[in-house]
Amino acid sequence: MKNKIAIYLPLLFAVILVFGIFLGYKLTPVTSVNQQLFQLNLKKYNKFNDVIYYIEQDYVDSVNRDALMEDGISGILQNLDPHSQYIPAEDFHEVNDP
């Protein structure tokens, strides 16, 4: 009788382990960090935001995120054609006023 139990014991442990991993995965609360790590979709990948994030985290001096975004958008549009221009929100009314 002990030999039959000894044969099935590793299989029983493996099934319990797999069930525990599955249960832990399903019961883990989903946070925004978990969503980004586990649901990374290449269509949603935003290299521009990643570059800004790394500059904020690792650059020696402090940087202004809004200024970096404005300069980045302006730089992108300058490479398109001479007619594409970015107008910041604070300058928008000046441009549209007659």
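Which side chains meet in a salt bridge? The side chains of Arg65 and Glu56 do, with a distance of 2.9 Å from N to O.

The legends below describe a predicted model, in which local features need pLDDT of at least 70, side-chain atom pairs count only at pLDDT 80 or more, and totals for chains, interfaces and linings use all residues. Residues are numbered from 1 along each chain as its sequence is written, and side-chain values use heavy atoms, with hydrogens and water left out.

**View 1. The chain as a whole.** The chain contains 5 helices and 0 strands, and its pattern along the sequence reads α-α-α-α-α. Helices (H or I, at least four residues) and strands (E, at least two) are DSSP runs, numbered from the N terminus. Of the 98 residues in the chain, 3% are buried; buried means under 20% relative accessible area, exposed over 50%, and partly exposed in between (1.4 Å probe, protein chains only). The accessible surface of the chain is about 9400 Å², and carbon and sulfur atoms account for 61% of that surface. Accessible areas come from the Shrake-Rupley method with a 1.4 Å probe, and for residues only the protein chains shown count as cover.

View 2. The structure holds 1 salt bridge, a term for a side-chain nitrogen of Lys or Arg within 4 Å of a carboxyl oxygen of Asp or Glu. Arg65 is partly exposed, at a relative accessible area of 31%. Glu56 is likewise partly exposed, with a value of 31%.

**View 3. The packing of helices α3 and α4.** Helix α3 (residues 47-58) packs against helix α4 (residues 65-78) at an angle of about 140°, and their axes lie 11 Å apart. This makes α3 oblique to α4, since angles under 35 degrees count as roughly parallel, over 145 as roughly antiparallel, 65 to 115 as roughly perpendicular and the rest as oblique. Axes are lines fitted to C-alpha atoms, for helices over the stretch in contact, and angles run from 0 to 180 degrees between N-to-C directions.

**View 4. Gly75 and Tyr86.** Gly75 belongs to helix α4 and is partly exposed, with a relative accessible area of 26%. The C-alpha atoms of Gly75 and Tyr86 are separated by 9.3 Å, the two residues being 11 residues apart along the chain.

**View 5. Phe13 in helix α1.** Phe13 is located in helix α1 (residues 2-27). Phe13 is exposed, its relative accessible area being 53%.
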